[in-house]
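Hi everyone, thanks for coming. Please have a look at the sequence and the model on the screen, and then I'll walk you through a few places in it.

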Amino acid sequence: MNNLNQGDEMSLDRLSSFLRKKSMLKTTYMYRIQKHVFYMEAENGDQLILKRHNNRLRVEHQWHFFDRQTCSFIVPFRRFPNDKRFLIDNGYCWTISPYIPGRKLNYASPGDRAASLRTLQTFHTETKGIRINRPFRKELFYQRWYNRLQRFKNTEHLFKQLGFATLFLNIVQTTEHQLQELAHSPLSNLENESLKTGIWIHGDVASHNFIRYDGHVFMIDFDLLTCTSGIYDYIQLGQRFLPYLDWDLNRLMSYKMVHEKHLKLWLDAILLPSDIMREWLHYINGNSSRLAHDYLTELETNWNKRQSFLKMVQTVLN
């Protein structure tokens, strides 16, 4: 733990004591991976991931799903030694999961892109039809995107202060236009059909949530697990692939993520810069040491690259 300051070491000591008293889990080693995520080695030799959650209902939602799914590549929660599913402390939930020691996928690699897509498609197929009691209900994606836009608009002053007022305006105008396009799409019908059928999405298909180990690709971190249309995972996956495809529409289409009848819906949603707004809001609410001007300079460069993709899509759709 020499990479942690003394305050961190003290907090880890208290955490280790908490686990021993509340769950009979005895740890021999622990370090912080992220603010609320820890790697641990237990006295019995188990390697575990400990995570703190803000929402108990979301944790229970995941547990109900894990109880019913049978996929070997899903990394679920594990019960504590005293058989508890989670621990409660000061309003937070703590869970443990097995640690997978492989490497995270990298979307710069064509092989890793293909592997993530195959794994995601298998996940959608093999979890289809799962029903759980008291599922965690989230707002519809259209509403979520709209709410994200409103939060993004509240940061206009930062763009203006740093000389990026035009970039801000372009992002807002594109988002509003794509929201109008999606308002006339079959999006809500797909969501309702998926609820009836029992279709599940992972919800966060970032490359670091796929781990290659021992010849297999595993999926981790199901905090955004939702019963809804699988197209949402493919919208996000398409957005995450595009920077590594030089924003080339034909290369993206070659992955055949969605059925042809849903192609327009998928592309319209990919054009909505929900990913840009998400990452910007994450940046300003985080503790990054990166200068905001540098962040927006890179964002402007990437935004200009997206415009060629937008024109290609408009040509195809029109």
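Let's begin with D83, which at 49% relative accessibility counts as partly exposed. For that wording, buried means under 20% relative accessible area, exposed means over 50%, and partly exposed is in between, using a 1.4 Å probe and protein chains only. D83 sits in the loop between α2 (56-68) and β4 (87-89), and its phi is positive, about 80 degrees, although D83 is not a glycine. Most residues other than glycine have a negative phi. M24 also has a positive phi, about 70 degrees, without being a glycine. You'll find M24 in the loop between α1 (6-23) and β1 (27-34), and with a relative accessible area of 57% M24 is exposed.

A quick word on what we're looking at. This is a predicted model, where local features need pLDDT of at least 70 and side-chain atom pairs count only at pLDDT 80 or more, while totals for chains, interfaces and linings use all residues. Residues are numbered from 1 along each chain as its sequence is written, and side-chain values use heavy atoms, with hydrogens and water left out.

Now the whole chain. How many helices and strands does it have? There are 12 helices and 10 strands; these are DSSP runs numbered from the N terminus, with helices (H or I) of at least four residues and strands (E) of at least two. A compact globule of 318 residues would have a radius of gyration near 20 Å, and this chain has 21 Å, which agrees. That radius is taken over C-alpha atoms, and the globule rule is 2.2 Å times the number of residues to the power 0.38. Buried residues make up 47% of the 318.

Next, helix packing. Two packed helices are described by the angle between their axes and the distance between the axes. Helix α6 (residues 165-183) and helix α10 (residues 263-271) pack at about 160 degrees, with axes 9 Å apart. The axes are lines fitted to C-alpha atoms, for helices over the stretch in contact, and angles run from 0 to 180 degrees between N-to-C directions. So α6 and α10 are roughly antiparallel, where under 35 degrees counts as roughly parallel, over 145 as roughly antiparallel, 65 to 115 as roughly perpendicular and the rest as oblique. Which residues meet here? From α6 we have T174, Q178, E181 and L182, and from α10 we have K264, L265, D268, A269 and L271. Contact means heavy atoms within 4.5 Å.

Helix α10 has another partner, α12 (residues 292-317): their axes come within 11 Å and cross at roughly 155 degrees. These two are therefore roughly antiparallel as well. Here K264, L267, D268, I270 and L271 of α10 meet R306, F309, L310, V313 and L317 of α12.

Let's finish with two single residues. Leaving out residues up to four places away in sequence, T175 touches L149, L272, P273 and M277. H124, in helix α3 (residues 110-126), is buried too, at 9%. H124 and G230 are 106 residues apart in sequence, yet their C-alpha atoms are 6.8 Å apart in space. Have a look for that pair on the screen!
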